[in-house]
Amino acid sequence: MQLQRLESVDAFVVRDLEGVPAAGVVRSAPKILTDGATWLARSMTYRFASFERRAGGASAGVNARPDDRAAAIASFASAVEADVAAGELLLEPGKGIDADGAAVLRAGDPRPDDWWAAHHDLTAAGVLAGLVAVGGADGTRVILEGVDAMAPALRTALVGQLLAGGARIVAVSTSSGGAVAPDGFDVERLETALGADEPEVGAEAALAAEADALLAGSRAGAISHELARELAVRTVVGWGPLPVTAKALAELGRAGCVVQPDFVTTAGPSIVDPAGPLTDAPAAVASAVAAVLAEVADHEHGPLLGACLRAEAFLASWTAERPFGRPIA
């Protein structure tokens, strides 16, 4: 692992594998911790390895208060401009980066506009494939965890694809509470619930609703072992990285709940060729994710650990460097 602290701005870049092209996310807050960034980079490394990409994960943090953030992001973008232009460091905007900041970061990025426009649809296609892999989507009752942490475009894409596939969204949670609809939310009802001044129920009550699947990803470790004991679902699928802690994974395994590998289900944008035609890209993502999940579905230690071992086998085939620690919160 390589940690680069920038001189021109209070920021850093973590590269999980040294000497290879790296990609990941950049976040901004008054204080971004390098430990968390390291795990986000690790998740990206395993994502690439799962689809036989010879690249490493990266994660960057820009430490700045909201009033100073625009200038800090501009300085950060300038500092990494050469690596980005060369394709050696590709970063997507994450938490704390607004639309203006995202535009600054994208200005020197070689990936085309069509790829950026399709980004959330590609992510949603992989997440939906993770759900389909354990019994299909039609009629499946789904809980969406941390909806307010999703980028609005991702929420639109994911909700749209779930409903089109016949799934019923029966509960949603946010950082401040949640809402439950046993017969399922439609788009209008969901937006009304999310826009309410007061949440209908607490977040834990929403997550404990009667359902078949939980889609989680608001933050690393969003599903703790304590929360895992309260869940009634048979499947957990990540829409964001590292949603389940190691202890929660054990609890869910004992309960017979399948935890899909989040570094596979969230991999959509990394699977396709950014410069290639993207018309059929969501279908290609769904097919690629389904193929990986089918390989690890019956692993003796569950699909998440099975996918880790599968990714590690590919890493061993081309690099002597071994990242220490698996991408599990």
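Predicted model: local features only at pLDDT ≥ 70, side-chain atom pairs only at ≥ 80, totals over all residues.
## Helices α2 and α4

Let's begin with a pair of helices. Two packed helices are described by the angle between their axes and the distance between the axes. For helix α2 (residues 69-79) and helix α4 (residues 99-106), the angle is about 15° and the axes are 9 Å apart. Angles under 35 degrees count as roughly parallel, and α2 and α4 are therefore roughly parallel to each other. Their crossing is right-handed.

Which residues make the contact? From α2 come Ile 73, Ala 74, Phe 76 and Ala 77, while α4 brings Gly 101, Val 104 and Leu 105. Sorted by class, this contact of α2 with α4 holds 6 nonpolar residues, 1 polar residue and no charged ones.

## Helices α5 and α13

Next, look for helix α5 (residues 113-132) and helix α13 (residues 281-296). These two pack at an angle of about 35°, and their axes are 8 Å apart. The crossing of α5 and α13 is right-handed.

On the α5 side, you can find Leu 122, Ala 125, Gly 126, Ala 129 and Gly 130. They meet Ala 281, Pro 282, Val 285, Ala 286, Val 289 and Leu 293 of α13. In the contact of α5 with α13, 9 residues are nonpolar, 2 are polar and none is charged.

## Helices α6 and α7

Now turn to helix α6 (residues 152-164) and its partner α7. Their axes come within 11 Å and cross at roughly 140°. Only angles over 145 degrees count as roughly antiparallel, and α6 and α7 are therefore oblique to each other. Here α6 passes α7 in a right-handed crossing.

Arg 155, Val 159 and Leu 163 are the α6 residues in this contact, and they meet Val 187, Leu 190, Glu 191 and Leu 194 of α7. How many of these residues are charged? The contact of α6 with α7 has 2 charged residues, along with 5 nonpolar and no polar ones.

## The two sides of α10

Just after the helix, Gly 256 takes a positive phi of about 80°.

Ala 193 sits in helix α7 (residues 187-194). Is Ala 193 buried or exposed? Its relative accessibility is 18%, and buried means under 20%, so Ala 193 counts as buried. Not counting residues up to four places away in sequence, Ala 193 touches Ala 179, Phe 185 and Glu 200. Gly 217 is 24 residues from Ala 193 in sequence, and their C-alpha atoms are 20 Å apart in space.

Thr 174 lies in a loop, between β7 (168-173) and β8 (178-185). This residue is buried too, with a relative accessible area of 17%. Leaving aside neighbours within four places in sequence, Thr 174 is in contact with Asp 148, Leu 194 and Ala 203.

Notes
Residues numbered from 1 in each chain as written. Heavy atoms only, no water. Helix = DSSP H or I, 4+ residues; strand = E, 2+ residues; numbered from the N terminus. Buried < 20%, exposed > 50% of the residue type's maximum accessible area, 1.4 Å probe, protein only. Contact = heavy atoms within 4.5 Å. Axes fitted to C-alpha atoms, helices over the stretch in contact; angles between N-to-C directions. Parallel < 35°, antiparallel > 145°, perpendicular 65-115°, else oblique. Left-handed = near helix turned anticlockwise from the far one by under 90°. Nonpolar A, V, L, I, M, F, W, Y, C, P; charged D, E, K, R; others polar.
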